[in-house]
Amino acid sequence: MDYAVILAGGSGTRLWPLSRRGMPKQLLPLIEGRSLLQLAFDRAATLVDTSHIVVCAGQDYADVITGQLPQLLAENLLLEPMGRDSLPGVAWSVATLARRDPHAVVAVLTADHIMTPQAGFTTSLREALSAAAEDPDAFVTCGVVPTSAHTGYGYLHVGEPVNQAATVFRVATFAEKPSQDRAQGYVDEGGWWWNSGMFCFRADTFMDQLACFQPEMAASIDVLVSRPDLVNEIYPQLTKVSMDYGLMEHISAGTSSARILTVPLQAQWSDIGGYPALADFLRGEGGNTVEGLVITEECADSLILNRTTDGRLVAVCGLKDVIIVEDGDITLVCSMDQAEKIKQVAQLARERGKQYA
């Protein structure tokens with residue numbers, strides 16, 4: 001049967017100060033009063049029954065998640081004592097499902113994406129799940145035709161179609177986040193897609209490949225699934241590594257029986273990794289994104305968010321391409337083209353006091 005795993009870890013420091021340790025970005029009500037996690041759960045529910053959706057997230061956010069997702073079964077919420085990047089979370093989730101259903105086919109999704117229209121997402125992921133079910137050696141990813149030479153995404157070099165309808169393709173090369181020059185080369189060459197970070201595969205296939213390329217992790221995960229009460233002892237010892245680096249690049253190298261396929265994502269895909277992406281999605285009149293008690297004069301292409309509730313007014317005049325976030329005890333002002341430095345600024349703020357983290 002088909003299942004979905006939603007990865008909802010991460011601190012989202014590029015959306016600081018809105019996203020903090022007490023409330024990371026995936027749990028913030030960013031889109032029409034709903035969180036990215038709620039939107040991800042709604043998308044997953046178009047693929048599988050809600051009883052077949054597993055969420056893997058941090059222990060600190062258990063109460064918030066259960067409040068936001070009343071449909072989520074208690075046994076389907078896996079709580080990490082600390083973040084260890086994406087592969088440990090995927091491994092724990094998939095191993096849990098494999099024990100329940102040895103024939104499980106799993107879609108791995110993340111809680112920081114926005115996709116419109118939802119129907120296009122559903123069509124593409126169903127195609128990917130079907131391809132994974134039919135091919136026991138397949139890891140099927142959803143690819144996105146790039147609109148820029150973005151260096152924050154992995155890339156897929158698309159090969160020949162594997163079916164007559166040309167809806168599923170081989171992946172000739174799986175490349176993790178490139179340099180700017182290399183990314184531009186990929187875009188100029190054509191035939192390279194962004195890796196969306198969504199994968200479909202058979203659970204038994206995944207566990208076989210994990211044992212091949214990450215044997216220590218596979219052994220620890222096997223113990224963890226048998227003894228979930230030991231999570232606080234076992235999980236922090238797992239290798240901190242992403243799904244891409246820890247597994248997919250090994251498979252791409254052709255040193256195993258598994259292979260990578262891709263399905264084009266039939267939806268507009270936004271990875272809400274930082275304020276520029278959020279601004280692009282929410283952009284309103286004059287190119288501005290404005291929320292809360294805000295007045296502007298002669299401003300353009302800016303994101304101005306006022307999350308205070310004490311009647312405080314944010315007034316902005318004569319600025320372009322800026323990020324301004326007022327969040328009570330923190331005011332952030334940043335040029336849009338320097339948004340990647342917000343992560344470093346957040347770290348400096350933490351050093352001033354944990355209340356700013």
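Which residues of H1 are buried? In this predicted model, they are Leu36, Leu37, Gln38, Leu39, Ala40, Phe41, Arg43 and Ala44, buried meaning under 20% relative accessible area, exposed over 50% and partly exposed in between (1.4 Å probe, protein chains only). Helix H1 spans residues 36-44 and is mostly covered, with eight of its nine residues buried. Helices (H or I, at least four residues) and strands (E, at least two) are DSSP runs, numbered from the N terminus. The buried residues of H1 pack against strands E1 (2-7), E2 (53-58), E4 (105-110) and E5 (113-116), along with helices H2 (62-68) and H4 (118-134); contact here means heavy atoms within 4.5 Å.

Now for the chain as a whole. There are eleven helices and 17 strands. The radius of gyration is 21 Å, close to the 21 Å from the globule rule for 357 residues, so the chain is as compact as a globular protein of that length; the radius is taken over C-alpha atoms, and the rule is 2.2 Å times the number of residues to the power 0.38. Of the 357 residues, 53% count as buried.

As for Leu293, this residue sits in the loop between strand E12 (289-291) and strand E13 (294-297), and is partly exposed at a relative accessible area of 46%.

Residues are numbered from 1 along each chain as its sequence is written, and side-chain values use heavy atoms, with hydrogens and water left out. Local features need pLDDT of at least 70 and side-chain atom pairs count only at pLDDT 80 or more, while totals for chains, interfaces and linings use all residues.
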